[in-house]
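Hi,

Here is the structure I promised to pass on. Have a look at it first, and then read my notes below.

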Amino acid sequence: MKGTGSRRLWLPIMSLFFLQSFTCLSNELDTIRKRVVAVLLQTEINKAEVNRILNQMDSEGAFTPINYEDLSRTAGFPHRRHTSNLVYLATAFTKKTSPYYHDPALKEKINLSLKYWVDHDFVGDNWHNNQITTPTNLVNLMLLMGEELPDDLVEKAQPIIGRAHMEASGARPSGDRIVIAGILAKNMLFMENKEAFDDVIAIIANEIKFSTGERGIQHDYSFHHRVDRVNNTTSYGYGKYANAFGEWADYVAGTSYAFDKDRINQLVDYYLDGVYKQLVYGIYEDISVKNRSISNQSQFQPRGTLEIERLLRSTDYRQEELEEILSLRKGESSPSLSFAKFFWQTEHFVLQRPDFYTTVRMFSTRNRNMEKPYNGPGKTTHHRADGTNYLLLKGNEYQDIWPVYDWQKISGTTILQKPELPSPEDIQMDGLTEFVGAAEDGYFGAVGFDFISPHDSTMAKKGWFFFDRMYVCLGAGITSEKQYPVASTIDQVLLRAPIRVKEQGTTVRQLPEGEHNLEGLEWLYHDGVGYWFPEDAALIVRNQEESGAWADITDQKNVSTKIIREKVLTAYFNHGVRPQKGSYAYAVLPRTTTDELASMAQSGLRVLSNDMLLQAVYHPGLEQTQAVFYQKGTLSMADGSSVAVDHPGIILIKKNQESIQSLTVADPTRRRDQFLINLPGRYKNTTGEVSTKYNRSANTTQILIDLPQGVYAGKSVSLDLRQRK
């Protein structure tokens, strides 16, 4: 191997101190390189897999299953399997416990296949293949094989690896920049180029930072990969950005290159308050934040533990929380965390209890709705941000349902039922309304969405009201001028158990498989989840087998056309053609029984308002009122008192018997500096950070609350109140 750094550098004999310093730095690079290689060698080697790969290799070093001719974006770059095969074979050659350790015949095959690659230098139409995929595999091959590779092959491979550099088109701030920097750093370790390694490791060390409004971590701990401000937290922001930083923090720990503790601790905050709160129980993927990758088949399994183990080696900051996630992913404990969080920069709401997890995904004039279907996948995702509300108990309720999915009946949405979806080129759209947001106090939350479809102008006021063990979904002002029906879908989910329903004037019955038009529906029960209707509802329910193929939902090539059949539950309101001010109301009980559903009518839960101006719900057991004011107005409370706001907003009011204990407010429009509300009774704020004014004649208190501004605009404010005598 021809190094450009210390390996072939002859130093004049100077002071002993200088020589010791140089040796120390040289040893540090060697230590880091050995750590990188040790991680690569963790791959388990299977003799049958090595034989399978070798049997596919022809006399020139190519692999017969790969179509090397098709370099188009939609082909998916099958060539990547060539270089990944080389890495696997190199691991088998280098790993001491491998049956192929230093096998000369295997080394000859690796050299032959590497020669085939460098002689042909396959460049795909997608930049990612050329700047990330191929350089990653080739530099890993170099590090594993070291001086076992012929100098001429190393020399020919270097320009190909060198496409990963900091001026490359893909080295934009966010996930790809740090990945490309990591490839470059590995190559500098291989080439023993200390000066270049110093430069690139400094770039990686400074990548963890807030970049709100741009690519990167937002101040709510969501992640935007592009300037379209689409949520990419658990894709680019997790699998690339965060994990790449954590990887290098671990490699350089204990050396002079060690990253600043504040940066590592900020990464911990991002994992715990951003990434893990958008994973089901911090364990399984949340399909709500998936974009075009939803068209790809996946496996239901816990996320790995490596990034957590790395963090625990790097810092003791928030150690107990990290250890809890680690234990959950290992299957050593059960979920215990309960929270509500609104990612105001991304307009994604999440609520978790130890036994269920639910989300609402929206968009506004501030964010676009969905990722473009880059390279083919995601061509059916036009409506996946239109107020999508998924509910997960185990985490696999929607697992790979997508080939058989009705993409115009997405859980939680209100969608015009068109003959077909628009073109994939028309998926990504700007939002048309600014009233999109939530008020949450960390445990409870209310969400409001003034929805206008950028695809077809369908309109609806959509509200979600999250209490402790249940939530209420309201829709009002549902309007369309198109010549097609409009549907609001309660859920479309894999059918896991018989469907039981209770209709007005009838006994509980089990639905046979098929499609059913239900009238006067009081409740519906499926697999531990109950849906209760405060006003007897007309609902269409399909509990039947649906069919489709993965190839139907992507424009990528080489995707299976095999017909898949799955039993699916689809339950939705049909608002008819050209509805004018249509509505719906239902409550979701994630862990319930039919007996509890039967008693809901006597529970005291009340929908206080559901119209285009105001949506509000009262929960008697919690003595809590949640409301979405689309305009200034007055809410008549369950006890006969009134609450008034002077502008649009969302509020949570928690009482204890006769007095209000706490108040949470938010401004979804992001326009106001202050929130003005009038509450019944005489109150003072215990924090002393807001102004109150008592009106004795009306017995009301006017409260003026300063709202978060700048990067925090849209975030909630919670106050503890005390009644004054």
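Predicted model: local features only at pLDDT ≥ 70, side-chain atom pairs only at ≥ 80, totals over all residues.

**What I found**

Let's start with a sheet: four strands make up an open one, ordered E5-E6-E7-E8, with antiparallel pairing. Its edges are strand E5 (339–343) and strand E8 (391–392), each of which pairs on one side only. Five bridges hold the pairing of E5 with strand E6 (residues 348–353), again in the antiparallel sense.

The average pLDDT for the protein is 95, and 96% of the residues score at least 70. The stretch to watch is residues 1–23, where pLDDT stays under 50. For that stretch the model has 24 contacts beyond four places in sequence.

**Nonpolar cores**

The largest nonpolar core has 164 residues. Which of them touch the most other members? They are Phe197, Trp248, Phe259, Tyr276 and Trp402. Helix H7 (residues 175–191) gives this core its largest share, eleven residues.

Apart from neighbours within four places in sequence, Tyr276 is in contact with Tyr238, Tyr271, Gly282, Glu307, Ile308, Leu322, Ile325 and Arg329. There is also a second, separate core of 26 residues, with Ala627, Val643, Val645 and Ile703 among them.

**Salt bridges**

I count 38 salt bridges in the model. Three of them are worth a walk-through.

- Lys156 pairs with Asp119, and their closest N and O atoms are 3.5 Å apart. Lys156 sits in helix H6 (residues 151–161) and Asp119 in helix H4 (residues 104–120), so this pair ties together parts 37 residues apart in sequence. Buried or exposed? Lys156 counts as partly exposed because its relative accessibility is 40%, and Asp119, at 39%, counts as partly exposed too.

- Glu371 and Arg292 meet through their side chains at 2.9 Å, N to O. Glu371 is in the loop between strand E7 (356–361) and E8, while Arg292 is in the loop between strand E4 (284–285) and helix H11 (306–314), so the bridge ties together parts that are 79 residues apart in sequence. Glu371 has a relative accessibility of 4% and therefore counts as buried. Arg292 is buried as well, with a relative accessible area of 15%.

- Arg469 and Asp355 form a salt bridge with their side chains, at 2.7 Å from N to O. Why does this pair tie together parts that are 114 residues apart in sequence? Because Arg469 lies in the loop between strand E12 (459–466) and strand E13 (471–479), and Asp355 lies in the loop between E6 and E7. Arg469 is partly exposed at 35% relative accessibility, and Asp355 is partly exposed at 22%.

Cheers

Conventions:
Residues numbered from 1 in each chain as written. Heavy atoms only, no water. Pairing = 2+ DSSP bridges. Helix = DSSP H or I, 4+ residues; strand = E, 2+ residues; numbered from the N terminus. Core = buried A, V, L, I, M, F, W, Y, C linked by side-chain atoms within 4.5 Å. Buried < 20%, exposed > 50% of the residue type's maximum accessible area, 1.4 Å probe, protein only. Contact = heavy atoms within 4.5 Å. Salt bridge = Lys/Arg side-chain N within 4 Å of Asp/Glu carboxyl O. pLDDT = per-residue confidence, 0-100.
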